[in-house]
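Here is a short briefing on one protein model. Please keep the structure open while reading.

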Amino acid sequence: MIRFAIPALAIAATASQVQAAQVQIASQGPVVELSVSETVDAKPDIVDISAGVTSQARTAVEAMQINAREMTAVIDRIKALGIDEDDIQTTGINLGAQYDYDQSTRKQVFRGYQASNRVSVTLRDVKRAGEVLDALVAAGATDIGGPRFSLDDDSPARAQARKAAFDKARAQAEEYAQWSGFGGVRLLEVSESVASSGPMPFAESDARQAIKVSAAPTPVEPGLVGTMVSLTVKFEMTR
């Protein structure tokens, strides 16, 4: 959240102590406070997907070795698709014992270990999302997640939404002032928050059961992503 007030004040702080500053602005007339939000939609230019491998074995060492071999094949496939190494990131490695419940003895029965490894991949060509998802499954990924579409740089959309929100807030404040017999308004305070929204991503799924790779790539539609700026503003009504 970005918060600033007008007029600006210089704040002095010592090296040993930094004190929180509060700016109080005295107003001569009534104050109107408004909360306004504006959203600007744009076509996404990046998409994030994730892929994981889960392996099971009798011992922990064997489970990790199998998982490492299978995950290496998936990562090698990602790189072979021309994806930059900086856009590939391991997001989780897990190892745990697995048990079955024996109804007759009412006890947990050890059955081995399960190892999992997961990576996230950023694609800078959103049209390749379906192709890459299918390739990951073919390479051995046992579950996938995403896609999550976004903007690599949402600054232009954020600036456009901010201006639209502020213009709306000022226009509303001026209407209140006019209705109340005042001539104009003076800005006292602005508080801002930014949020991004987009199409709902796929739920994480077991690729072995839910995905069947065919000649045609998995269809993925990027739609539009929205950048929303919310402002809370205070205006003083002036004569």
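Which residues in α2 are buried? They are Ala129, Gly130, Val132, Leu133, Asp134, Ala135, Leu136 and Val137. Buried here means under 20% relative accessible area, exposed means over 50%, and partly exposed lies in between (1.4 Å probe, protein chains only).

This is a predicted model: local features need pLDDT of at least 70, side-chain atom pairs count only at pLDDT 80 or more, and totals for chains, interfaces and linings use all residues. Residues are numbered from 1 along each chain as its sequence is written, and side-chain values use heavy atoms, with hydrogens and water left out.

**Overall layout**

- The protein chain has 4 helices and 9 strands. Helices (H or I, at least four residues) and strands (E, at least two) are DSSP runs, numbered from the N terminus.
- Starting at the N terminus, the order of elements is β-β-β-α-β-β-α-β-α-β-β-α-β.
- The protein chain has 239 residues, and 35% of them count as buried.
- Accessible areas come from the Shrake-Rupley method with a 1.4 Å probe; for residues, only the protein chains shown count as cover.
- Take the contacts between residues at least 6 apart in sequence: 83% of them join residues at least 24 apart. A contact means heavy atoms within 4.5 Å.

- Helix α2 spans residues 129-138 and is mostly covered, with 8 of its 10 residues buried.
- Glu131 forms a salt bridge with Arg128 through their side chains (3.2 Å, N to O). A salt bridge is a side-chain nitrogen of Lys or Arg within 4 Å of a carboxyl oxygen of Asp or Glu.
- Glu131 counts as partly exposed because its relative accessibility is 36%. Arg128 is also partly exposed, with a relative accessible area of 23%.

**Strand pairing**

- Strand β9 (residues 225-238) has 10 of its 14 residues buried, so the rest of the structure largely encloses it.
- Strand β2 (residues 31-42) runs antiparallel to β9, and 12 bridges join the two. Two strands pair if DSSP finds at least two bridges between them.
- Val31 has Glu236 in β9 as its bridge partner.
- Strand β7 (residues 184-197) is also antiparallel to β9, joined by 13 bridges. Here Gly184 stands opposite Thr238 in β9.
- Strand β6 (residues 143-150) is largely enclosed by the rest of the structure, because 7 of its 8 residues are buried.
- β6 pairs with strand β3 (residues 46-57) in the antiparallel sense, over 6 bridges. Gly52 faces Asp143 in β6.

**Nonpolar core**

- The largest nonpolar core holds 45 residues. Such a core is a set of buried Ala, Val, Leu, Ile, Met, Phe, Trp, Tyr and Cys residues joined through side-chain atoms within 4.5 Å.
- The residues with the most contacts inside this core are Ile49, Ile78, Ile83, Leu123, Leu136 and Phe235.
- Leaving out residues up to four places away in sequence, Phe235 touches several others, among them Pro30, Val31, Phe166, Ala169, Val185 and Leu187.

**Salt bridges**

- The structure holds 14 salt bridges. Side chains of opposite charge can pair when their charged atoms come close.
- Arg162 and Glu192 meet through their side chains in a salt bridge (2.7 Å, N to O). This pair links distant parts of the chain: Arg162 lies in helix α3 (residues 155-179), Glu192 in strand β7, and they are 30 residues apart.
- Glu192 counts as buried at 7% relative accessibility, whereas Arg162 counts as partly exposed at 29%.
- Asp154 and Arg158 form a side-chain salt bridge (2.5 Å, N to O). Asp154 is buried, with a relative accessible area of 18%, and Arg158 is partly exposed at 22% relative accessibility.
- A network of salt bridges links Asp87, Arg124 and Asp152.

**Surface patch**

- Met64, Ile93 and Leu95 make up a nonpolar patch on the surface, with about 260 Å² of accessible area together. Patches are made of residues with over 30% relative accessible area and no salt bridge: like charges are joined within 9 Å, nonpolar side chains (Val, Leu, Ile, Met, Phe, Trp, Tyr) within 5 Å.
- Ile93 sits in strand β4 (residues 88-102). Ile93 counts as exposed because its relative accessibility is 52%.
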